[in-house]
Amino acid sequence: MIRANDPNLRSWIPIPEHSDFPIQNLPLGVIQVKGKHHVAMRIGDYVVDLAVLNKSGLLGVDFVDSVFQNEFINDCIGLGKEMTRDLRNRVSRLLDDKHDELRTNVDLRESCILPISTVEVCMPIQIGNYTDFYSSKEHATNVGTMFRDPANALLPNWKHIPIGYHGRASSIVLSGTPIKRPNGQTKAPDQDAPVFGASKQLDFELEMAFVTCKSNPLGSTISTKEAEEYIHGMVLFNDWSARDMQSWEYVPLGPFLAKSFASSMSAWVVSMDALKPFRVPGPQQDPKPLPYLQFEGDHNYNIELEVLIESPRFNPARICHSNYKYMYWNMVQQLAHHASNGCNIQVGDLYASGTISGPIKDSFGSMLELTWRGTEPLKMPDSTERKFINDNDTVIMRAFSKNEQVRIGFGEVVTKVLPA
Ligand code: CA
């Protein structure tokens, strides 16, 4: 077992009840403090400044300063999973209530353990490439039913290929950053010609995304077995979509400006190591995938997901409750498929799951599905209705894993929508 995963560990740092960040989590992120960016870990409502801690010698092994005195976690996760596992174990030991080297070193403790309210939390990853998959069977079936043909909702390739497309990395923003409703070209079915203007069907997509920590040379491939060494951890992800722009532009080459205006992600990258206790088997895959997509072991994860809408006129109201475990194609299959043509994966790439919908209506991961393309609007607490997301609405996503002993989470992705 990974030492830092021990469910019996308790920290001398106070952890609020139901916190996403107990000592068993210790996700990586980036903080800005006194004008400098440092790599940090989150615990409870505190952050551990790894640049300061590394200089103290208490970690027991010296990392090169630039790994943590850095604007991004790329160099840190790029050390590989063995090193980041060792780092997490060492920090865990220093925060464990059975060890007091750090707790009793008041000067050091006060300079490296900082209340999160006193630092700026920053975008943790320099994202080189962003790929968006389409791996929830329930979501693909719902969209196929609405946009094409209920009798043949899944296209013939869907159960053979983890379908995906190359997204836009530059417009991925951190939770808390407002987004602007996009302008674009749309054509309603009853119009003869398209118009240009503000999207009338702005939607969220409830997704998770994984971050890679290893690169393969161009022209080489990655097996499902090797894929685990390439995946450092995960974030919660809202892949904003303008449905009216999407339905007009997406044939024949797929989504473009309907998706590229913004995606929002959570600030703390939860390691696959920390998620290990929450592994579960995935859905039965029938037909059996081709050999390069076959895998051993459990690669789905039990991660509870929820979406809430808040507005100036009402408090957050939950509109969706889903789970990452519903994913048909898992991460090792997605990555093996991505590299199967020799495409080179890079450190700091982001790979999103695609909208995660469950089997029943309140588990659908987008307004498109929850309101069935606007035909069944959702009632809000102030008695207004939503077919899609209105200006000044705030969409809140949450994700956490829980068993009898431990709960670890991803924090929130909170995004306010501003007018076009
Ligand atoms: Ca998506």
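Q: Donors are N, O and S atoms within 2.8 Å of the metal (3.2 Å for Na, K and Ca), with water not among the atoms, so sites may look incomplete. With that in hand, which residues count as protein donors of the calcium ion?
A: Asp 132 (OD), Glu 205 (OE), Glu 207 (OE) and Asp 239 (OD). Their atoms lie 2.2 to 2.3 Å from the ion, which is within the calcium limit, so they are called donors. Along the sequence these donor residues follow the spacing D-x72-E-x1-E-x31-D.

Q: What makes Glu 207 and Asp 239 a link between distant parts of the chain?
A: They are 32 residues apart: Glu 207 is in strand S13 (residues 206–212), while Asp 239 is in the loop between strand S14 (231–238) and strand S15 (241–242). Strands here are DSSP runs of E with at least two residues, helices are runs of H or I with at least four, and both are numbered from the N terminus.

Q: Are Glu 207 and Asp 239 buried or exposed?
A: Both are buried. That word means under 20% relative accessible area; exposed means over 50%, and partly exposed is in between (1.4 Å probe, protein chains only).

Q: What kind of model is this, and which pLDDT values do features need?
A: It's a predicted model: local features need pLDDT of at least 70 and side-chain atom pairs count only at pLDDT 80 or more, though totals for chains, interfaces and linings use all residues. Residues are numbered from 1 along each chain as its sequence is written, and side-chain values use heavy atoms, leaving out hydrogens and water.

Q: Why is the contact between Glu 228 and Arg 279 called a salt bridge?
A: The term needs a side-chain nitrogen of Lys or Arg within 4 Å of a carboxyl oxygen of Asp or Glu. For Glu 228 and Arg 279 the closest N and O atoms are 2.5 Å apart, so the pair passes. Glu 228 sits in the loop between helix H7 (224–227) and S14, and Arg 279 is in strand S18 (residues 279–280), so the bridge ties together parts that are 51 residues apart in sequence. Glu 228 has a relative accessible area of 29%, so it is partly exposed; Arg 279, at 25%, is partly exposed too.

Q: How many salt bridges does a search of the whole structure find?
A: It finds 19. One of them pairs Asp 45 with Arg 42, at 3.5 Å between the closest N and O atoms. Here Asp 45 is partly exposed at 39% relative accessibility, whereas Arg 42 is buried at 13%. Another joins Glu 101 to Arg 93 at 3.3 Å, N to O, and there Glu 101 (31%) is partly exposed, as is Arg 93 (35%).

Q: What makes Asp 203, Glu 205, Arg 243 and Lys 259 one network?
A: They are joined by salt bridges that share partners. One member, Glu 205, is also a donor of the calcium ion.

Q: How do you know that strands S25 and S26 pair?
A: Pairing asks that DSSP find at least two bridges between two strands. Strand S25 (residues 394–402) and strand S26 (residues 407–418) have eight, in the antiparallel sense, so they pair. Lys 402 stands opposite Arg 407 in S26.

Q: What makes S9 and S21 edge strands?
A: The open sheet runs S9-S26-S25-S20-S21 with mixed pairing. Strand S9 (179–180) and strand S21 (314–323) each pair on one side only.

Q: How do you know that the span of helix H4 is close to what is expected?
A: The expected span is 1.5 Å times one less than the number of residues. H4 (residues 81–95) has 15 residues, and its first and last C-alpha atoms are 21 Å apart, close to the expected 21 Å. Its buried residues include Leu 87, Val 91 and Leu 94.

Q: Why is Ser 383 called exposed?
A: Because its relative accessibility is 52%, which is over the exposed cut-off. Ser 383 also has a positive phi, about 75°, although it is not a glycine.

Q: Which residue does a cis peptide bond join to Val 251?
A: Pro 252, with omega about 10°. The bond from Asp 286 to Pro 287 is cis as well, with omega near 10°.
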